[in-house]
Amino acid sequence: MSLQGNDNRGIRELGAEKKVGWDEVTQGVALNSFVGESENSAFLKAEERNYNDFNSYTATVASWRIIKPVYNRDICIDCQNCWIWCPDTSIISRDKQMLGIDYDHCKGCGVCVEVCPTNPKSLLMFSEAKDNNEALAGWPVKEKKVKN
Amino acid sequence: MAEKFELNEVEVWDGNYATSQALRQAQVDVVAAYPITPSTPIVENYGSYVANGFVDGEFVMVESEHAAMSGCIGAAAAGGRVATATSSQGFALMVETLYQASGMRLPIVLTVVNRALASPLNVRGDHSDMYLGRDSGWIQLDAFNSQEAYDLPLCAFKIGEDMSVRLPVMVHQDGFTTSHKAQNVYPLDNDVAYNFVGDYVPVDEMLDFTRPVTHGAQTEEDWHYEHKAKQHKALMDSRPVIDRVLAEFKELTGREYKRVETYMMEDAQIALVILGSSVETAILAAKQLREEEGLKVGIIAPRCIRPFPYDLIRDAIDNSSNLKAICCMDKSAPGGAMGMLFNEVSSAAYTTNTRPLISNYIYGLGGRDFAIDEAKRIMKEQKAHADAGHITTNIQQFSGLRGPKLGFYETRRS
């Protein structure tokens, strides 16, 4: 599957939504999560749900981030630690297989890197400007055990 | 199915008991409450109706009034008919959540038994808490006696839950003088009362799992203003709905209520604008003065505080052929301004052709007695203003206050 998710994930900057007048805003600021009825949404994956325009799924906040996690599939053991700990549900995992980062919603906090147990880490923080392939090319090697 | 509560055609109820019976008949789903004098018996009685099976609802005991209204907001957002009661300090603690309830357009009914605000601590009736709520975006209705403390909550559910309104409603009554004064009350049959209020119809309820919804979202400078404008329009536009519900209630019971009650205003030369249990005092005083001295006094009593009835106040002023002077009676410490009624009535009167003289009395703070003789003295003072053609005293004065005469500002109209 694509890491981009479905068509409307992060389709615009937060705050760039269409501004309507007082007569068109919802009553009591009630915001429905999905377009139409969605009784089974709990059983659907995010990319299968029909999120509406006021769900945060459709807004990107990538611009808030100055450092980013880069994911190295070659080292990852799919332990799901990062998926559990990510405070913004920005780790994309399916069937207990880690797929990557939702860069539309990741704020660059680095928690995923902290909790990654592999040696070397399967996630490392880089400058937002750093190319991901370049980051992967220079990935650190396994640290040797130090004998006493 | 709830147990049937036997009622007589006429009951002897105080205001608190009358209100609790209205909540029972409306079959409120959730009451989240914290007790405070003098409103405690409303929720205490409601709790006993739940415990004894007279209501199919939930009574939620909470740790404060802030939590009480928070619980009410959660239950209303979930999709239930919700009510509670409070007074004074408890009302003050609720204020933050009152704004949440109105902004979220949840038709909660809050029965407020009016009591002074500390300091100094005081449990007696004045309108400080009612006035504190006047910018909170709630509809505010005022009951002057026990019968109305029963009738108006029934109307309040129907008004707030109307699809074009969907706003919370406060029903006020005076602490002790109404809440603890037993009077004859004519209740409706349980089914008649429930059918008048009608089944609760939820909107955007959180327990509708087919349409998951966010309530209480944050909005900044790009959205907040539009939402507040829409909310204000709903409050302003609730006036015809209030009128319609009160008319339907009259059809059902013969008891007529209006957003502004007027008494003897047709030929009145002077008028008192007054709220709550003092209205009946003022009516008696006006009748006596008409009889004893031929002084044509009328009474204007706003039944609806918010949305403020500028329309009907102006009608009351313009429809009296001979009105010269109005005195606005405010039962709340004014805090460095004129009283609320003075401000609102003055601004309404300013755009009338009659434009009578308007002065302000602060009275009855902390439950200080307001008796017929004092009401008559104030009315006669208005007559002196009318005769002189200008306000002959300070514009704001204090009624029933010990010590040297206290007053502020003089007229610049000659």
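Quick housekeeping. This is a predicted model, where local features need pLDDT of at least 70, side-chain atom pairs count only at pLDDT 80 or more, and totals for chains, interfaces and linings use all residues. Residues are numbered from 1 along each chain as its sequence is written, while chains are lettered from A and ligands numbered from 1 in the order in which they are written.

Still on chain A: its C-alpha atoms fill a box of roughly 75 × 35 × 25 Å along the principal axes. Buried residues, meaning those with 20 or more other C-beta atoms (placed from the backbone) within 10 Å of their own, make up 20% of its 148 residues.

Now chain B. How do helices α6 and α7 pack? Helix α6(B), residues 146–160, and helix α7(B), residues 190–197, sit at about 30 degrees with axes 8 Å apart. Axes here are lines fitted to C-alpha atoms over the stretch in contact, with angles from 0 to 180 degrees between N-to-C directions. So α6(B) is roughly parallel to α7(B), a label for angles under 35 degrees. Touching there are L154(B), F157(B) and K158(B) from α6(B), with A193(B), F196(B) and V197(B) from α7(B); contact means C-beta atoms, placed from the backbone, within 7 Å.

Terms used:
Helix = DSSP H or I, 4+ residues; strand = E, 2+ residues; numbered from the N terminus. Parallel < 35°, antiparallel > 145°, perpendicular 65-115°, else oblique. Contact = placed C-beta atoms within 7 Å. Buried ≥ 20, exposed ≤ 12 C-beta atoms within 10 Å, placed from the backbone.
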